[in-house]
Amino acid sequence: MVISPELPYRVLRTLDGGAFTEVIKVQLPRGPAVLKVARRVPLPAQYSTLGAALAGGIAFHTGSVGVWTPDPNAVVTAEAAQLKRIAHPAFPKLLEAGQTADGRNYLVMERIEGETWRDKIKRGESISVATLAAFASALDDVCRAGTLAY
């Protein structure tokens, strides 16, 4: 799979995608990472995603939180800006952001391995108090960074 010939990443596999982005696991010299590239044309709203994944306790998926636009490039730009402002270990670090030769914005962030809460709950497992406390701490940091308000 080639997302854009000028991007120097070795594609490992497609991870997922939402209404606005294609999400791909890529290999960097330092290890696996996540490449998100704006779609040329957004998919219908039912493809939008927002979730939280567990990784060493907790990790968030930032998605298009707080972005209310049908422009995939704007969504990727906003997510990159969010990741720059958040310094909590539950969030992936932004490694790079830019634009492909065909005009699609992209970002590269560290890959956090884990599972979704949805998968855990479907198996009948509960979320621990420690994980919920970590979630609250991360959510507080996100709000203080001005990324999300509650």
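## Hairpins around E2

E2 and E3 form a hairpin with two residues between them; helices (H or I, at least four residues) and strands (E, at least two) are DSSP runs, numbered from the N terminus. The model is predicted: local features need pLDDT of at least 70, side-chain atom pairs count only at pLDDT 80 or more, and totals for chains, interfaces and linings use all residues. Residues are numbered from 1 along each chain as its sequence is written, and side-chain values use heavy atoms, with hydrogens and water left out.

The pairing of E2 with E3 is antiparallel and spans eight bridges, where two strands pair if DSSP finds at least two bridges between them. Leu28 has Gly31 in E3 as its bridge partner.

## The five-stranded sheet

An open sheet is formed by five strands in the order E1-E2-E3-E7-E6, with antiparallel pairing. Strand E1 (10-17) and strand E6 (94-99) are the edges; each has a single partner strand, so one side of each is left without a neighbour in the sheet. On average, neighbouring strands of this sheet are turned by 25 degrees against each other, direction ignored. Axes here are lines fitted to C-alpha atoms, for helices over the stretch in contact, and angles run from 0 to 180 degrees between N-to-C directions. Strands of a sheet pair through backbone hydrogen bonds, either parallel or antiparallel.

E6 and E7 are joined over five bridges in the antiparallel sense. Glu96 stands opposite Val108 in E7. Helix H1 (residues 72-85) lies across E2, E3, E6 and E7 and runs at about 30 degrees to E7.

## Nonpolar cores and Leu28

Ten residues make up the largest nonpolar core: Leu7, Tyr9, Ile24, Val26, Leu28, Ala33, Leu35, Val37, Tyr106 and Val108. A nonpolar core is a set of buried Ala, Val, Leu, Ile, Met, Phe, Trp, Tyr and Cys residues joined through side-chain atoms within 4.5 Å. Buried means under 20% relative accessible area, exposed over 50%, and partly exposed in between (1.4 Å probe, protein chains only). Strand E2 (21-28), strand E3 (31-38) and strand E7 (105-110) are the elements that give two or more residues to this core. A second, separate core has eight residues, among them Val34, Ala80, Leu83 and Met109.

Leu28 is found in strand E2 and counts as buried, at 13% relative accessibility. Leaving aside neighbours within four places in sequence, Leu28 is in contact (heavy atoms within 4.5 Å) with Tyr9, Ala33, Leu95 and Val108. Leu28 and Pro8 are 20 residues apart along the chain, and their C-alpha atoms are separated by 8.7 Å. In E2, six of the eight residues are buried, so the strand is largely enclosed by the rest of the structure.

## The aromatic pair

The count of aromatic pairs comes to one. Rings of Phe, Tyr and Trp (its six-membered ring) pair if their centres lie within 6.5 Å; planes under 30 degrees apart count as stacked, over 60 as edge-to-face and the rest as tilted. The ring centres of Trp117 and Phe135 are 5.0 Å apart and the planes are at 45 degrees, so this pair is tilted. Trp117 belongs to helix H2 (residues 117-122) and Phe135 to helix H3 (residues 129-144), so the pair ties together parts that are 18 residues apart in sequence.

Trp117 counts as buried at 16% relative accessibility. Phe135 is partly exposed, with a relative accessible area of 24%.

## Chain totals

The chain has three helices and eight strands. From the N terminus on, its elements run β-β-β-β-β-α-β-β-β-α-α. Of the contacts with a separation of 6 or more, 53% are between residues 24 or more positions apart.

Of the 150 residues of the chain, 41% count as buried. The chain exposes about 8400 Å², of which carbon and sulfur atoms supply 57%. Accessible areas come from the Shrake-Rupley method with a 1.4 Å probe; for residues, only the protein chains shown count as cover.
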